[in-house]
Amino acid sequence: MGSPSPLQSLAPRQLRQLVEADEPGCLTSYIDPPKFRAGMRHLAGACSVIASCSVGRRAGLTATAVCSVSAEPAQLLVCVNRSVRAHEIIAQSGLLSVNVLSEAQENIAKRFAGMVIDVAGEDRFANGDWRDGKLGIPMLDGSLVSFGCRVKDVIPAATHTVFLCEVVEVVVPAEDGKPLLYFGGSFARIV
Ligand SMILES: Cc1cc2nc3c(=O)[nH]c(=O)nc-3n(C[C@H](O)[C@H](O)[C@H](O)COP(=O)(O)O)c2cc1C
């Protein structure tokens, strides 16, 4: 073990003063949203389409806020804005699929992000090979991997909801592909 950093011996108040002096305001509870968004542009994300279905109504959104939680049991989490149409459908059905997009699926990412004019709701599913998985929710063939999930916990988080999900189905195609990323405000690829 190395020697402790001099910062570790500081009282919390002293540490706070030190950081505040370096960048005033950075430790207050309020961070300017544009500043936060500018910071988040540096975090590369893998793009997925989150899809769900409730009483025959399908809905989906493009998302990067997807994260593995544990392998035993298999769990992941997804953060969805409460204003997105799919939010209500996921909340009603308690089911969702996570379809991790390949670099060849940028057009699908745009459709499900509301970036294609006049394509909304059910029309978003007109592109791509969608089929019902074991849970009866849409799964996208040709994704790098698709996870069929049951929502285990719903955690409100300001404008968003964190859906903690139990994975009950994993579909991996025979062929590998490369992921579709989002970085610096644009879709990106691994070269
Ligand atoms: C690359 C990218 C990542 C996104 N990630 C998320 C996300 O993790 N959660 C979320 O709620 N919205 C996310 N969005 C925004 C939604 O895709 C968008 O608001 C949604 O498709 C709107 O659906 P609606 O028109 O049905 O409300 C993302 C958009 C893009 C372009």
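Q: Which strand does β5 pair with over seven bridges, and in which sense?
A: β5 pairs with strand β10 (residues 160–171), in the antiparallel sense. Pairing here takes at least two DSSP bridges between the strands. Strands are DSSP E runs of at least two residues, helices are H or I runs of at least four, and both are numbered from the N terminus.

Q: Before I go on, what kind of model is this, and how is it numbered?
A: It is a predicted model: local features need pLDDT of at least 70, side-chain atom pairs count only at pLDDT 80 or more, and totals for chains, interfaces and linings use all residues. Residues are numbered from 1 along each chain as its sequence is written.

Q: Back to the strands. What is the bridge partner of Leu 77 in β10?
A: Leu 164. Leu 77 is also the bridge partner of Cys 67.

Q: How many bridges join β4 to β5?
A: Five, and the strands run antiparallel; β4 covers residues 66–71. The two form a hairpin with two residues between them.

Q: What is the peptide bond from Glu 72 to Pro 73, cis or trans?
A: Cis, with omega near 5 degrees. Pro 73 sits in the loop between β4 and β5.

Q: Which elements give two or more residues to the shell around the ligand?
A: First, the shell itself: it has 17 residues, and Ala 63, Ala 65, Asn 81, Arg 85 and Ala 113 come nearest. The elements are β3 (57–63), β5 (74–81) and α3 (85–93). A residue is near if its C-beta atom, placed from the backbone, lies within 6 Å of the molecule.

Q: And what is the shell by class?
A: It has 12 nonpolar, four polar and one charged residues. Nonpolar means Ala, Val, Leu, Ile, Met, Phe, Trp, Tyr, Cys and Pro; charged means Asp, Glu, Lys and Arg; the others, Gly among them, are polar.

Q: New topic. Cys 53: buried or exposed?
A: Cys 53 is buried, because it has 24 C-beta neighbours inside 10 Å. The cut-offs are 20 or more other C-beta atoms within 10 Å for buried, 12 or fewer for exposed, and partly exposed in between, with C-beta atoms placed from the backbone. Cys 53 is in strand β2 (residues 48–54).

Q: What is Cys 53 in contact with, beyond four places in sequence?
A: Arg 58, Ile 89, Ser 93, Gly 136, Ile 137 and Pro 138. Contact means C-beta atoms, placed from the backbone, within 7 Å.

Q: How many residues are in the largest nonpolar core?
A: It has 32, and those with the most contacts inside it include Val 49, Ile 50 and Leu 96. Such a core is a set of buried Ala, Val, Leu, Ile, Met, Phe, Trp, Tyr and Cys residues joined through C-beta atoms within 7 Å.

Q: What does Leu 96 touch, again beyond four places in sequence?
A: Its contacts include Ile 50, Val 78, Ile 137, Phe 163 and Cys 165.

Conventions
Two residues are in contact if their C-beta atoms, placed from the backbone, lie within 7 Å.
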